[in-house]
Amino acid sequence: MLIVLGGDLKTSDIKKLINILERINLPTLIAPYRFKKELIENMIKSNKIKVLDEFVDLLSLMKSSNLMIYGAGMGMTIEAGVLEIPSIKIAGFHKEHGSVDLANNLKIPILEIEEISDFFR
């Protein structure tokens, strides 16, 4: 599973998201993208979750992932759609935004962080 932490997330969202990911308990790579790697690593207790460097070849990682969960906007939504990557868009602070409309059109679920674990039941 690939997690992309983009501009739709606030620092205060990260701990909540990591707690959910640890409960899901699947091998997970986190691309911090807009956050410092050390900030994320310090919140993780699970050995199944690894944090990548801040600058990585996201497209290659996206294409090889079984599922991508992302907190980002239009660019990431376009890439998920074009590459046909099974994805979940985290409902960020943009409730009305072109990326929300596009995700809906592409049938990409838009979930609050608290709803992500329900997706795996």
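**Salt bridges and a helix pair**

Mentor: At 34% relative accessibility, K16 counts as partly exposed, where buried means under 20% relative accessible area, exposed over 50%, and partly exposed in between (1.4 Å probe, protein chains only). This is a predicted model, in which local features need pLDDT of at least 70 and side-chain atom pairs count only at pLDDT 80 or more, while totals for chains, interfaces and linings use all residues. Residues are numbered from 1 along each chain as its sequence is written, and side-chain values use heavy atoms, with hydrogens and water left out.

Trainee: Which residue forms a salt bridge with K16?

Mentor: A salt bridge is a side-chain nitrogen of Lys or Arg within 4 Å of a carboxyl oxygen of Asp or Glu. For K16 the partner is E114, at 3.1 Å from N to O. The pair links distant parts of the chain, since E114 sits in the loop between β6 (110-111) and α6 (116-119) and K16 in helix α1, 98 residues apart; helices (H or I, at least four residues) and strands (E, at least two) are DSSP runs, numbered from the N terminus. E114 is partly exposed, at 43% relative accessibility.

Trainee: How many salt bridges does this rule give?

Mentor: The count comes to four. In one of them D8 pairs with K89, the closest N and O atoms being 3.1 Å apart. That pair also links distant parts of the chain, with D8 in the loop between β1 (2-5) and α1 (11-24) and K89 in strand β5 (residues 87-90), 81 residues apart. Both D8 and K89 are buried.

Trainee: What does D53 meet in a salt bridge?

Mentor: D53 meets the side chain of K37, at 3.0 Å from N to O. D53 lies in the loop between β3 (49-51) and α3 (58-64) and K37 in helix α2 (residues 37-41), so the pair ties together parts that are 16 residues apart in sequence. D53 is partly exposed, with a relative accessible area of 46%, whereas K37 counts as buried at 18%.

Trainee: At what angle do helix α4 and helix α5 pack?

Mentor: Axes are lines fitted to C-alpha atoms, for helices over the stretch in contact, and angles run from 0 to 180 degrees between N-to-C directions. Helix α4 (residues 74-82) and helix α5 (residues 98-105) pack at about 15 degrees, with their axes 9 Å apart. They are therefore roughly parallel to each other, a label for angles under 35 degrees.

Trainee: Which residues meet there?

Mentor: With contact meaning heavy atoms within 4.5 Å, M74, T77 and I78 in α4 meet G98, S99, L102 and A103 in α5.

Definitions and conventions:
Parallel < 35°, antiparallel > 145°, perpendicular 65-115°, else oblique.
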